[in-house]
Amino acid sequence: MGSLVFRAAGASPMKLPIQPPIRPMLALLSRTMPEGDDIIYEPKWDGFRALVFWDGDEMLIQSRDTKPLNRYFPELEESLREVLSPGVVVDGEVVIAGPSGLDFDSLQLRIHPAESRVRKLAAETPSSFVAFDLLAAGGQDLMQAPFAERRSKLEQILKPKPPLYLTPATADRAQGEDWFNRFEGAGLDGVIAKKNSLPYKPNERVMIKIKHQRTADCVVGGFRWNRGEEGKSVGSLLLGLYDDSGVFHHVGHTSSFKHAEKRALVEFLEPYRDKDPEGGFGQGRTPGAPSRWRSSADMAWEPLRPELVCEVTFDHLQGERFRHASTFVRWRPDKPPRECTYDQLTTAIPIELREVFGIS
């Protein structure tokens, strides 16, 4: 998000009991849902984590890595000034809701250097803010207060009105499991569990995130060299799937190999290297091109004939590709590449975000 200064040098402190920047509280990954009388469950939002500091005059929207987000979401700042009570610091998620649920692609497009482009996108795809924690209110620092108290105060002072929402929360584990299974159709990628007694601990992984995990058989259509070890070590395998028309599309990558395995992959992949492989990446979606965040050296890749199949695990789909890097499980020499299609990816039943918030 660039190297923007968070606030102008010498700026006066905000009229708040705590001052920015503050790193948000984080979560550890778990594959099982914790349980206990002290646990609260919330849907896990797929957006940009943000802390909103609002003293009634100045508003700062801070990213997870303590960068300012105001310039990328001007419509959100304008709206939050109208609907958010002054004198608060709120933790939450900046999201964009599309016709099929959360739209992370549209969110990423906002991080653009041109103000005119940002303004255009702000009008076309306005963002929202989903609040789930309260760090300060009414001149009081609440970071040492237990989460149950912070949540109660958040419910008291927050008056949900678009684009401001309050995330659902429950102490019922069965309800949390229902959200985990059902809300994926709205683009949410799991559930967060936290203790009622938990104080706010910046930059510490003291919450639990339970995310979806599935497997898929993918065709290896290319690879990237390990940076600084070109020709000696493979950095990642580029994965693809065939659509209903038989077109081969890039869907993600896997780099979960030990260093010795990455070196061994150089010889293993050599027989499949081809500068212009028939049926490989080209007709469909290809691996990413250089961008303002990544150089051509970072994004350069080597094509392979689409003959190798491997099984990987993934946690979340973003459109028709893996949201995060997948994890290599095993080679599948028994699986014909053409049988590696999108059909194997289970798709959650689409639901509207209105249902997540219980809006009729």
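Colleague: What is the mean pLDDT of the protein?

Modeller: This is a predicted model, and its mean pLDDT is 90, with 93% of the residues reaching 70 or more. Residues 1-5 stay under 50, and residues 289-297 are also below 50. The model has 14 contacts beyond four places in sequence for residues 1-5, and 11 contacts beyond near neighbours in sequence for 289-297. Where pLDDT is low, the predicted coordinates should not be read in detail.

Colleague: How many disulfides are there, and how do you know?

Modeller: The count is zero. A disulfide needs two cysteine sulfur atoms within 2.5 Å. For Cys310, the nearest cysteine sulfur belongs to Cys218 and is 6.2 Å away. For Cys340, the closest cysteine sulfur is also in Cys218, at 6.8 Å, so the distance is too far for a bond.

Colleague: Why is Cys310 called buried?

Modeller: Buried means under 20% relative accessible area. Cys310 has 0% relative accessibility, so Cys310 counts as buried. Cys340 has 0% as well and therefore gets that label too.

Colleague: What makes Val89 buried?

Modeller: Its relative accessible area is 0%, so Val89 is under the 20% cut-off. Val89 lies in strand β5, residues 88-95. Leaving aside neighbours within four places in sequence, its contacts include Leu16, Ile18, Val52, Phe53 and Leu135.

Colleague: And Arg224: why is this residue called buried?

Modeller: Here the value is 13%, which is still under 20%, so Arg224 is buried as well. Arg224 sits in strand β13, residues 214-225. Its side chain reaches the backbone oxygen of Ala300 at 3.4 Å, and a polar contact requires a pair of N or O atoms within 3.5 Å.

Colleague: Which residues of helix α5 are buried, and how do you know whether they are on the same side or on opposite sides?

Modeller: In α5, residues 173-182, the buried ones include Gly176, Trp179 and Phe180. They cover an arc of only 100 degrees around the axis, so they lie on the same side of α5. Among the elements covering these buried residues are β2 (39-43), β11 (190-195) and β12 (205-211).

Colleague: What does Asp172 reach at the start of α5?

Modeller: A side-chain oxygen of Asp172 comes to within 3.0 Å of the backbone nitrogen of Ala174.

Technical notes. Residues are numbered from 1 along each chain as its sequence is written. This is a predicted model: local features need pLDDT of at least 70, side-chain atom pairs count only at pLDDT 80 or more; totals for chains, interfaces and linings use all residues. Side-chain values use heavy atoms; hydrogens and water are left out. Buried means under 20% relative accessible area, exposed over 50%, partly exposed in between (1.4 Å probe, protein chains only). Helices (H or I, at least four residues) and strands (E, at least two) are DSSP runs, numbered from the N terminus. Contact means heavy atoms within 4.5 Å. pLDDT is the predictor's confidence in each residue, from 0 to 100. A polar contact is a pair of N or O atoms within 3.5 Å; within protein, one must be able to donate a hydrogen and the other to accept it, and residues adjacent in sequence count only if both atoms are side-chain atoms. The arc is that of the directions from the helix axis to the C-beta atoms.
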